[in-house]
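Subject: Handover of the structure

Dear colleague,

I am passing this structure on to you, with notes on what was found in it. Please read them with the sequence and the model open beside you.

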Amino acid sequence: MVWEWKSIDYPELYGLITIDSYSQTGANDFANETVAAPDYIHFNSMDLDEEGNLICSFRHIHSILCLDRGADNDQILWTLSGLGDEFGLTEIQKCSAQHTAFVDGDYITIFDNGNRHATSRVVSYRIDPEEKKLEAFCSYTFGNKYSEACGSAQRVHDDVFVIGWGMAMNDNECMSVVDFKTGETLMTVSLKNPGNATYRCLYFE
């Protein structure tokens, strides 16, 4: 082992937990034995930025954290979205129970499950991590499509994305390629058994 990060070393994360209508995940009150209380942040993706820091998605606190792999203490460099957001996001710009955060050039692109309003979308943030400022924000929606959990969004080029639908509630599509500039769906893949689901879909050349 060359480096480790323990969320329990950061008790302030407990204060970012929500159990009200903001999340609709039904998690983390630490008093109800029917709830998976140990999974209080739910780590569901990790990517590297240009400096080698870890960009991590934590579903149950609705936040993206940047972790400094060169630090022994104070490893959290910044928090994006959720109750601990440091970038001045509006409520409409914040994620809800998101899954999969990719470093996307100058942007961080996220599949936002949108549990708060039962509507999923793709969101992209360009941030200034030093000044803790949001420089640009993009949101791409799919009408009434909703994935309660899992899922992913990967930019192929320009406004074309590969969307992994995770636990989609509306239909049995598991993956779509969408050009958001034209509004055209270029390709879809459906599962024979609609009771199955995908965790994440990735595109490779």
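About 200 Å³ of space lies in the second largest pocket, where a pocket is, on a 1 Å grid over the protein atoms alone, an open set of points where a 1.4 Å probe fits, with protein on both sides within 12 Å along at least five of seven lines, and lining residues have an atom within 4 Å of a point. Its lining has 14 residues, of which Ile92, Lys94, Asp112, His117 and Arg121 are the closest to the centre. Volumes here are the space filled by probe spheres set on the grid points, which are joined across faces, edges and corners. By class, that lining divides into three nonpolar, six polar and five charged residues, with Ala, Val, Leu, Ile, Met, Phe, Trp, Tyr, Cys and Pro counted as nonpolar, Asp, Glu, Lys and Arg as charged, and the others, Gly among them, as polar.

Before going further, please note that this is a predicted model, in which local features need pLDDT of at least 70 and side-chain atom pairs count only at pLDDT 80 or more, while totals for chains, interfaces and linings use all residues. Residues are numbered from 1 along each chain as its sequence is written, and side-chain values use heavy atoms, with hydrogens and water left out.

The largest pocket holds about 420 Å³ of space, and of the 17 residues that line it, Asp49, Glu51, Trp78, Ile127 and Pro129 are the closest to its centre. At least two lining residues come from each of β4 (76-80), β6 (107-112) and β7 (121-128), and the lining of this largest pocket comprises 10 nonpolar, two polar and five charged residues.

As for the fold, the protein chain has 12 strands and zero helices, where strands (E, at least two residues) and helices (H or I, at least four) are DSSP runs numbered from the N terminus. Of the 205 residues in the protein chain, 49% are buried, that is, under 20% relative accessible area with a 1.4 Å probe and protein chains only.

Strand β10 (residues 160-164) is mostly covered, with five of its five residues buried. In a regular strand the side chains alternate between the two faces of the sheet. In β10, Val160, Val162 and Gly164 point one way and Phe161 and Ile163 the other way.

On one side of the pairing, β9 (residues 152-157) runs antiparallel to β10 and is joined to it by five bridges, pairing being assigned if DSSP finds at least two bridges between two strands. Gln154 stands opposite Val162 in this arrangement, and the two strands form a hairpin with two residues between them, where Asp158 in the turn has a positive phi of about 45 degrees. Strand β10 is also joined by five bridges to β11 (residues 173-179), again antiparallel, and Ser176 in β11 is the bridge partner of Ile163.

The pairing continues from β11 to β12 (residues 184-190), which are antiparallel over six bridges, with Thr185 in β12 as the bridge partner of Val178. These two strands form a hairpin with four residues between them, and Gly183 in the turn has a positive phi of about 80 degrees.

Finally, Phe111 lies in strand β6 and is buried, with a relative accessible area of 0%.

With kind regards

Key: Buried < 20%, exposed > 50% of the residue type's maximum accessible area, 1.4 Å probe, protein only.
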